[in-house]
Amino acid sequence: MGKRNCNNGPVSSIDSGSVGVVETHSVRLFDDGLTTRSGTVLPVVEVAYETYGTLNEARSNAIYICHALTGDAHAAGFHEGDDRPGWWENMIGPGKPIDTNQWFVVSSNILGGCQGTTGPSSMNPETGEPYGLDFPLLDMRDFVAVHRGLAAELGIERFAAVVGGSLGGMQVLQWAMDHPRDMGRALIFAASSRLTAQNIAFSAVGRQAIMRDSGFNEGKFLSRGTAPRKGLSVARMLAHITYLSEEAFQEKFGRNAQQGELSGNFGIDFAVESYLEYQGERFLSRFDALSYLYLTRVLDYFDPFAATDALDLLKADPVRFLLVSFTSDWRFSTEHSRRIVRHLEGARIPTSFREIESRWGHDSFLLDLPDYHATVRAYLDRAAEEIA
């Protein structure tokens with residue numbers, strides 16, 4: 001394969017710390033289809049992905065990025081004609097913690113997603129219509145199978161590191177446990193190995209908001225020309241509340257009125273109400289309701305340490321782990337990370353853990369926090385020294 005460089009170089013309006021203008025690529029995987037954990041075969045699996053930096057001759061400097069629930073392949077840089085940066089622009093780029101002067105970075109859209117990878121809104125080749133609820137229920141291992149398929153397509157047998165936050169971190173954990181020879185290091189931020197009843201409840205309410213919307217049409221809304229816009233918007237509003245801490249909401253909005261002073265009505269009177277309304281409406285233009293149902297359900301069932309032999313493969317081929325949690329994250333609190341650490345350390349897997357002070361809640365893993373970025377940078381610098 002030789003060297004691969006999908007960075008077209010920075011343009012004048014983009015700072016030198018960006019990978020510049022990038023392109024999202026698409027590839028079809030699995031000639032014989034993908035058999036999901038449910039036993040259903042997906043005859044066609046297309047994956048959207050982006051790459052940043054240059055793959056070295058030894059193909060030893062690759063890092064894979066696993067995105068969170070509503071993320072996509074566009075993790076860094078800018079698309080031509082669009083000034084919106086990738087969702088992890090502060091983390092990935094020249095001189096940044098994931099330094100593309102050193103690393104070749106692969107970022108893909110998840111199976112079941114709606115940003116270029118096969119999902120429930122994709123066309124079912126057997127019917128000629130969108131899958132809808134005929135799409136199979138997914139498992140974390142299905143995500144990993146597609147990631148590995150893309151890696152094989154790119155000619156990468158082993159990643160120096162696999163990195164992800166939230167749902168992305170859960171993919172990293174599953175991948176490392178099932179296929180430890182695929183990576184040298186696993187970096188997991190603000191993640192969980194098993195959702196609490198409260199977390200499952202939040203997702204359940206979001207799904208019910210979507211499915212009870214009259215526009216849902218039993219999941220056939222794409223064929224019938226409707227959409228559960230109100231339900232999806234409410235689901236996003238509810239979820240967004242869980243992504244920020246109370247301190248963050250207080251600092252950003254307090255009890256401030258949206259229009260100068262409170263007027264006493266059932267409309268949008270408080271600034272925080274306007275913010276949530278904006279988040280809900282903005283979500284409609286970039287995410288599909290069916291993907292929201294399917295991906296949140298994967299989170300509910302995730303419990304990788306349940307089997308007694310869950311860590312046997314990892315014990316035989318240890319991966320080095322870095323786990324990071326954030327003090328104000330109440331969606332996946334530090335205790336969630338500590339549970340993962342206890343299992344790994346109990347199996348004598350080399351594990352580093354750090355809790356980062358932050359007032360921004362679960363979203364902290366997406367932010368430019370000095371201690372957080374310094375931790376990631378130092379950890380990956382050590383990895384770079386080893387493979388140099």
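Modeller: Happy to! Please keep in mind that this is a predicted model.

Colleague: Let's start with Ser 166: where is its place, and is Ser 166 buried or exposed?

Modeller: Ser 166 sits in the loop that joins β13 (159-165) to α2 (167-178). Its phi is positive, about 60°, although Ser 166 is not a glycine. Buried means under 20% relative accessible area. Ser 166 has 9% relative accessibility, so the residue counts as buried.

Colleague: And in which loop is Phe 30 found, and how does Phe 30 count by its relative accessibility?

Modeller: Phe 30 also is not a glycine, yet has a positive phi of about 60°. Its loop lies between β2 (25-29) and β3 (34-35). Because its relative accessibility is 26%, Phe 30 counts as partly exposed.

Colleague: Now the helices: at roughly what angle do the axes of α1 and α2 cross, and what does that make them to each other?

Modeller: The axes of α1 (residues 140-153) and α2 come within 9 Å and cross at roughly 75°. Angles of 65 to 115 degrees count as roughly perpendicular. Therefore α1 and α2 are roughly perpendicular to each other.

Colleague: Which residues in α1 meet α2, and how do the residues of this contact divide?

Modeller: From α1 come Met 140, Arg 141, Phe 143, Val 144, His 147 and Arg 148. They meet Leu 167, Met 170, Gln 171, Gln 174, Trp 175 and Asp 178 in α2. The residues of this contact divide into six nonpolar, three polar and three charged.

Notes:
Residues numbered from 1 in each chain as written. Predicted model: local features only at pLDDT ≥ 70, side-chain atom pairs only at ≥ 80, totals over all residues. Heavy atoms only, no water. Helix = DSSP H or I, 4+ residues; strand = E, 2+ residues; numbered from the N terminus. Buried < 20%, exposed > 50% of the residue type's maximum accessible area, 1.4 Å probe, protein only. Axes fitted to C-alpha atoms, helices over the stretch in contact; angles between N-to-C directions. Parallel < 35°, antiparallel > 145°, perpendicular 65-115°, else oblique. Contact = heavy atoms within 4.5 Å. Nonpolar A, V, L, I, M, F, W, Y, C, P; charged D, E, K, R; others polar.
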